[in-house]
Amino acid sequence: LSQALREWESEVPGRIVEIADSANAIAIADVAGVRRKVGLACILDPGQAPESCLGDWVLIHVGFAMSRIDEAEAKATLAMLAALGEEEDLAAWAPPR
């Protein structure tokens, strides 16, 4: 991975687009056009349904959504990475499903 992505790879923005396994709080996130499974346990309040996260923008770290972010922040980060030519590296970053 390039140096620019290494600086950002600890948390990458993605949007929750599907719930893959509600019982285990596993969702599908879109990260720059690449869809990968992510765990939602870190952002769910007790008793909160995973489905409530659909459409949310999150910061993803090692396969887990760590926090919610607003759409403007997510898009600005993705645009910056695209401007640096990091889109292919983002696809490589995302763990396989």
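**Cysteines, fold and contacts**

Modeller: A search of the whole structure finds 0 disulfides, a disulfide being a pair of cysteine sulfur atoms within 2.5 Å. This is a predicted model, in which local features need pLDDT of at least 70 and side-chain atom pairs count only at pLDDT 80 or more, while totals for chains, interfaces and linings use all residues. Residues are numbered from 1 along each chain as its sequence is written, and side-chain values use heavy atoms, with hydrogens and water left out.

Biologist: Is Cys53 buried or exposed?

Modeller: Buried means under 20% relative accessible area, exposed means over 50%, and partly exposed lies in between (1.4 Å probe, protein chains only). Cys42, at a relative accessible area of 46%, is partly exposed. Cys53 has a relative accessible area of 0%, so this residue is buried.

Biologist: In what order do the elements of the protein chain run from the N terminus?

Modeller: Helices (H or I, at least four residues) and strands (E, at least two) are DSSP runs, numbered from the N terminus. The protein chain has 3 helices and 5 strands. From the N terminus, the order is α-β-β-β-β-β-α-α.

Biologist: Which residues have the most contacts inside the largest nonpolar core?

Modeller: A nonpolar core is a set of buried Ala, Val, Leu, Ile, Met, Phe, Trp, Tyr and Cys residues joined through side-chain atoms within 4.5 Å. In the protein chain, 35% of the 97 residues are buried. The largest core has 15 residues, and those with the most contacts inside it are Ile16, Val38 and Leu40.

Biologist: Which elements give two or more residues to this core?

Modeller: In soluble globular proteins, nonpolar side chains tend to be buried together. Ile16, leaving aside neighbours within four places in sequence, is in contact with residues including Ala27, Val38, Leu40, Cys53 and Val58. The elements that give two or more residues to this core are β1 (12–21), β2 (26–31) and β4 (57–61).

Biologist: In which strand is Trp57 placed?

Modeller: A second, separate core of 5 residues includes Trp57, Leu59, Ile69 and Ala74. Trp57 counts as buried because its relative accessibility is 12%. Its C-alpha atom is separated by 4.4 Å from that of Arg15, 42 residues apart along the chain. The place of Trp57 is in strand β4.

**Charged pairs**

Biologist: Which residue forms a salt bridge with Arg68?

Modeller: Side chains of opposite charge can pair when their charged atoms come close. A salt bridge is a side-chain nitrogen of Lys or Arg within 4 Å of a carboxyl oxygen of Asp or Glu, and the structure holds 3 of them. Arg68, partly exposed at 36% relative accessibility, meets its partner at 2.8 Å, N to O, and that partner is Asp56.

Biologist: How many residues apart in sequence are the parts that this pair ties together?

Modeller: Arg68 lies in strand β5, and Asp56 lies in the loop between β3 (34–39) and β4, so the parts tied together are 12 residues apart in sequence.

Biologist: In which helix do Lys75 and Glu71 lie?

Modeller: Lys75 and Glu71 form a salt bridge, with their closest N and O atoms 2.7 Å apart. Lys75 is partly exposed at 45% relative accessible area, and Glu71 is partly exposed at 42%. They are 4 residues apart, about one turn of the helix, and both lie in α2 (residues 71–83).

Biologist: What is the N to O distance in the salt bridge of Arg35 and Asp30?

Modeller: Arg35 is partly exposed, with a relative accessible area of 37%. Its side chain meets that of Asp30 in a salt bridge, and the N to O distance is 3.7 Å.

**Loops**

Conventions: Contact = heavy atoms within 4.5 Å.
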